[in-house]
Amino acid sequence: IRESINYAKRIQASILPPIQKVEEHIKDCFIYYEPKDIVSGDFYWFEHVKNRPMIAVVDCTGHGVPGAFMSIIGYTQLNEIVNDQKITDPGVILKELDKRVKLALNQNNGAKVSSMDGMELGLISINYEDRKLEFAGAMRPLYFVKNSELHIVKGDKFSIGGSSLHKKTFTTHRLNFKKGDSFYLFSDGYPDQFGGPKGKKFMYKPFKNLLLDIHQLPFKEQEAKLHEAFDS
């Protein structure tokens, strides 16, 4: 079983965009990726369409193998929405992704065997010419530090896939940015990690304080600091 899962890790790793591809279009960036299990339910996605870098951080239901299955569905659907349909508005992308995930998992037909699985994610599109950033979130926020103050843009309270009693809407937030601003997308894996002398969760307040402490460092150093704090 372990051999099989390790092979699956190679397949999952092959779909993740290499950091070199991301750095071609986003010069100052880092990706801190630390799966809880051999394969992961969290993944990151990147594309460059219509002269706009687009990046998403996605948290699928389940860990390990079930989460990894979901990640393949999410990655494939994001690629088709952006590359085939040429959609670049984050809110519209999430609406279309929700529709496609439900279709892929037979969540629309009321069948007893259909799953209620889905995903949470934050997605941004960057317009360097106008210095504007667009963000939409499904249960995930965008954190950004401007003038040494941390700001939060909350995502909508809907996940991708599964069932909902309300009609889902995903808002596209538009932000201006300038040199020195730092933006962060993340899954809940970091603040929800158990550890330390009391075996408690890391939690969001220490996570925010950590970002404030490191946001002025070069991004590769920020990644190292996040890794160091996570390990400790």
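1. On the basis of the values: the model is predicted, with local features requiring pLDDT of at least 70 and side-chain atom pairs counting only at pLDDT 80 or more, while totals for chains, interfaces and linings use all residues. Residues are numbered from 1 along each chain as its sequence is written, and side-chain values use heavy atoms, with hydrogens and water left out.

2. On salt bridges overall: the structure holds 14 of them, a salt bridge being a side-chain nitrogen of Lys or Arg within 4 Å of a carboxyl oxygen of Asp or Glu. Among the residues involved, R52, D89, E134 and R174 are joined in a network of salt bridges.

3. On the pair R174 and D89: their closest N and O atoms are 3.1 Å apart in a salt bridge. Because R174 belongs to strand β8 (residues 173–176) and D89 to the loop between α3 (64–84) and α4 (90–104), the pair ties together parts that are 85 residues apart in sequence. Helices (H or I, at least four residues) and strands (E, at least two) are DSSP runs, numbered from the N terminus.

4. On the pair E134 and R174: this salt bridge has an N to O distance of 2.9 Å. Since E134 is found in strand β4 (residues 132–138) and R174 in strand β8, the contact ties together parts that are 40 residues apart in sequence, where contact means heavy atoms within 4.5 Å.

5. On the accessibility of these partners: buried means under 20% relative accessible area, exposed over 50%, and partly exposed in between, with a 1.4 Å probe and protein chains only. R174 counts as exposed at 52% relative accessibility, D89 is partly exposed at 22%, and E134 is buried with a relative accessible area of 11%.
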